[in-house]
Amino acid sequence: FFNDTATTEIYTLSLHDALPISVSGPFSVTSSEHLLGSWVFDVERRTISGPDGCFERDVVVHPGAVAILCVDEYERVALIRQYRATVDALTYEIPAGTLDGEGENALTAAQRELVEEIGVVASSWTELGTFLNSPGWTNQTITIFEARNLAYVPRQPAGPEESVSEVLWLTIGELAELQKVERFFDATTAVALHRLHGGFLG
């Protein structure tokens, strides 16, 4: 179902003059100790060798995630309004989730999440880029896709928060206003909108 390449168009955006990837130079991880395991992430204590000796850093190890900027025929973007225990508040986010399926890649994960969270199947997919969420403490990356040419199917929400979440379809103008008034505006959503609409972040 999600791998129907006959009906799914996939496009990838790339930088025309990409900068070379930097290397860590005199720093290198020499060992790691497993501190915590959960169903979403692990925590490791890593020992790093540097120019002034060895030191330790605790790192959240994550399998990676995807997010989807889902755009309908009226150029409205789908948002989910749901509770987040991390901030003990309702937040507005584009559909997103973890690569947690066996053998799952970023595209198949994004297709699965779109059905689960908002009940949509898209036939046109564009990869907008892969980003580090917060490299000071986690290796989590998130790959953002734009999804268009939509068909609607029953939602398949997972978890108590998703089960009572609300799906909203907002114009870019409404999203810009929402960003100004919301105390917590999801960074992944802001990056995705800025990637597609240039000046969204002002």
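1. Ala, Val, Leu, Ile, Met, Phe, Trp, Tyr, Cys and Pro count as nonpolar, Asp, Glu, Lys and Arg as charged, and the others, Gly among them, as polar. On that basis, 23 nonpolar, 12 polar and 10 charged residues line the largest pocket.

2. The model is predicted: local features need pLDDT of at least 70, side-chain atom pairs count only at pLDDT 80 or more, and totals for chains, interfaces and linings use all residues. Residues are numbered from 1 along each chain as its sequence is written, and side-chain values use heavy atoms, without hydrogens and water.

3. The largest pocket has a volume of about 1500 Å³. A pocket is an open set of points on a 1 Å grid over the protein atoms alone, where a 1.4 Å probe fits, with protein on both sides within 12 Å along at least five of seven lines; lining residues have an atom within 4 Å of a point. The volume is the space filled by probe spheres set on the points, which are joined across faces, edges and corners.

4. The second largest pocket holds about 290 Å³. Of its 14 lining residues, R46, I48, R57, V59 and P135 lie nearest the centre. Strands (DSSP E runs of at least two residues, numbered from the N terminus) contribute here: β2 (28–37), β3 (42–50) and β4 (53–61) each give two or more residues, with the largest share, four, from β4.

5. L69 touches residues including V77, I94, L128 and F145, not counting those up to four places away in sequence; contact means heavy atoms within 4.5 Å.
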